[in-house]
Amino acid sequence: MILKNLIEISLLFGCFSLYPRTIPNTDSCESVGSNMAYIKSQTETALKKDDLDMAKYHTYKALNGIWKAKASIEKCGCAGVIEGMQMASQHLKEAIRTYSIEDSKTFLHIALQRTLSSIVALKKFGAPKKSNYRDDILTMNTHKGEEAKNASEVSLLRQTDIIAQIENSLSKFESSLYEVVSITDCYQARDFIEEVQGKTSRKLNNPDISEGKQYYHSRVLEITQEALLKLPSKCPTKGLLARK
């Protein structure tokens with residue numbers, strides 16, 4: 001019943017421009033639509049998994065998808081999508097913090113509904129609208145919209161540059177991690193990965209974390225989770241004896 005109410009509330013999300021009477025940025029809104037389709041897909045995949053590790057892996061992917069879409073969402077100018085994606089992000093983080101697949105799916109269901117409501121809002125936002133505003137008001141607001149558009153383009157370029165730098169720095173970490181998985185004792189490799197994940201999760205949960213570091217740490221979690229999935233679900237007995 002609670003979940004049903006949340007779904008009904010989420011579908012009431014409206015969408016309006018952040019800037020007065022501006023026309024939606026078509027290219028950015030189309031990009032946002034593609035991004036949200038990816039976020040929806042990864043969240044749905046996470047919900048289908050009965051293994052908590054696999055569920056978290058796809059949850060990390062959905063969370064990273066939201067971060068990558070952030071600048072495009074702002075440039076599109078749909079406030080309902082921004083609010084919906086912020087809430088979806090929070091619930092995806094809650095799903096990551098859980099210790100049972102049942103609790104994880106509870107938060108994933110809510111995150112999915114927030115994403116679906118954002119998709120609906122975006123479609124309404126992109127629909128043609130008639131304007132009754134006088135030309136002088138429309139012209140004035142168009143100038144404001146152009147200023148906001150230029151600022152969002154700078155933000156998008158900056159975010160793209162940050163992502164490129166982070167991915168470059170993480171490539172070496174990813175290679176080293178896979179090497180650890182391939183040559184290290186199963187138990188030691190699992191302990192190491194889980195230790196990294198614990199430290200990273202604590203950093204990601206810091207409310208004052210910057211957006212760049214948020215993306216960095218969420219990518220570390222995604223990479224370590226992928227490495228963890230390369231290990232046997234249960235380490236061989238030989239590995240257990242080797243530890244004693």
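**Entry 1: ground rules.** I am working with a predicted model, in which local features need pLDDT of at least 70 and side-chain atom pairs count only at pLDDT 80 or more, while totals for chains, interfaces and linings use all residues. I number residues from 1 along each chain as its sequence is written, and my side-chain values use heavy atoms, with hydrogens and water left out.

**Entry 2: overall fold.** I looked up the secondary structure and found nine helices and zero strands. Helices here are DSSP runs of H or I with at least four residues, strands are E runs of at least two, and both are numbered from the N terminus. Along the sequence I read the pattern α-α-α-α-α-α-α-α-α. The protein has 244 residues, and 42% of them count as buried (buried is under 20% relative accessible area, exposed over 50%, partly exposed in between, with a 1.4 Å probe and protein chains only). I also checked contacts, meaning heavy atoms within 4.5 Å. Among contacts with a separation of 6 or more, 82% come from residues 24 or more positions apart.

**Entry 3: α3 against α4.** How do the axes of α3 and α4 cross? I find them coming within 10 Å and crossing at roughly 155°. My axes are lines fitted to C-alpha atoms, for helices over the stretch in contact, and the angles run from 0 to 180 degrees between N-to-C directions. The two helices are therefore roughly antiparallel (angles over 145 degrees; under 35 is roughly parallel, 65 to 115 roughly perpendicular and the rest oblique). The crossing of α3 and α4 is left-handed, that is, the near helix is turned anticlockwise from the far one by less than a right angle, with clockwise being right-handed. On the α3 side I noted residues including Leu63, Ile66 and Ile73, and on the α4 side Val81, Met85 and Leu92 are among them. By class, the α3 and α4 contact divides into twelve nonpolar, two polar and three charged residues. For these classes, Ala, Val, Leu, Ile, Met, Phe, Trp, Tyr, Cys and Pro are nonpolar, Asp, Glu, Lys and Arg are charged, and the others, Gly among them, are polar.

**Entry 4: α3 against α8.** The axes of α3 and α8 come within 9 Å and cross at roughly 155°, so I call this pair roughly antiparallel as well. Here α3 passes α8 in a left-handed crossing. The contact includes Tyr60, Asn64 and Trp67 of α3 and Tyr215, Ser218 and Leu221 of α8. I get nine nonpolar, five polar and nine charged residues for α3 with α8.

**Entry 5: α7 against α8.** Helix α7 (residues 186–204) and helix α8 (residues 211–230) have axes that come within 9 Å and cross at roughly 160°. That makes α7 roughly antiparallel to α8, and α7 passes α8 in a left-handed crossing. Among the residues in the contact are Ile193, Val196 and Leu204 of α7 and His217, Ser218 and Leu221 of α8. Their contact has seven nonpolar, eight polar and two charged residues.

**Entry 6: serine 218.** Ser218 turned up in both α8 contacts, so I gave this residue its own check, and it is buried at a relative accessible area of 3%. Leaving out residues up to four places away in sequence, serine 218 touches Tyr60, Leu63, Asn64 and Leu204.

**Entry 7: the disulfide.** How many disulfides does the structure hold? I count one, taking a disulfide as a pair of cysteine sulfur atoms within 2.5 Å. Cysteine 29 is joined to cysteine 76, with S to S at 2.0 Å, and the link is right-handed, with 95° about the S-S bond. Cysteine 29 lies in helix α2 (residues 26–48) and cysteine 76 in helix α3 (residues 52–76), so the bond ties together parts 47 residues apart in sequence. Cysteine 29 is buried at 11% relative accessible area, and cysteine 76 is buried at 4%.

**Entry 8: leucine 122.** I found leucine 122 in helix α5, buried at 12% relative accessibility. Beyond its neighbours within four places in sequence, leucine 122 is in contact with Cys29, Val32, Gly33, Met36, Cys76 and Val81. Leucine 122 and valine 32 are 90 residues apart in sequence, yet 8.6 Å apart in space, C-alpha to C-alpha.

**Entry 9: threonine 98.** Is threonine 98 buried or exposed? At 8% relative accessibility I log threonine 98 as buried, and this residue lies in the loop between α4 (79–97) and α5 (101–126). Not counting residues up to four places away in sequence, threonine 98 touches Leu52, Lys56, Asp103, Ser104 and Phe107.
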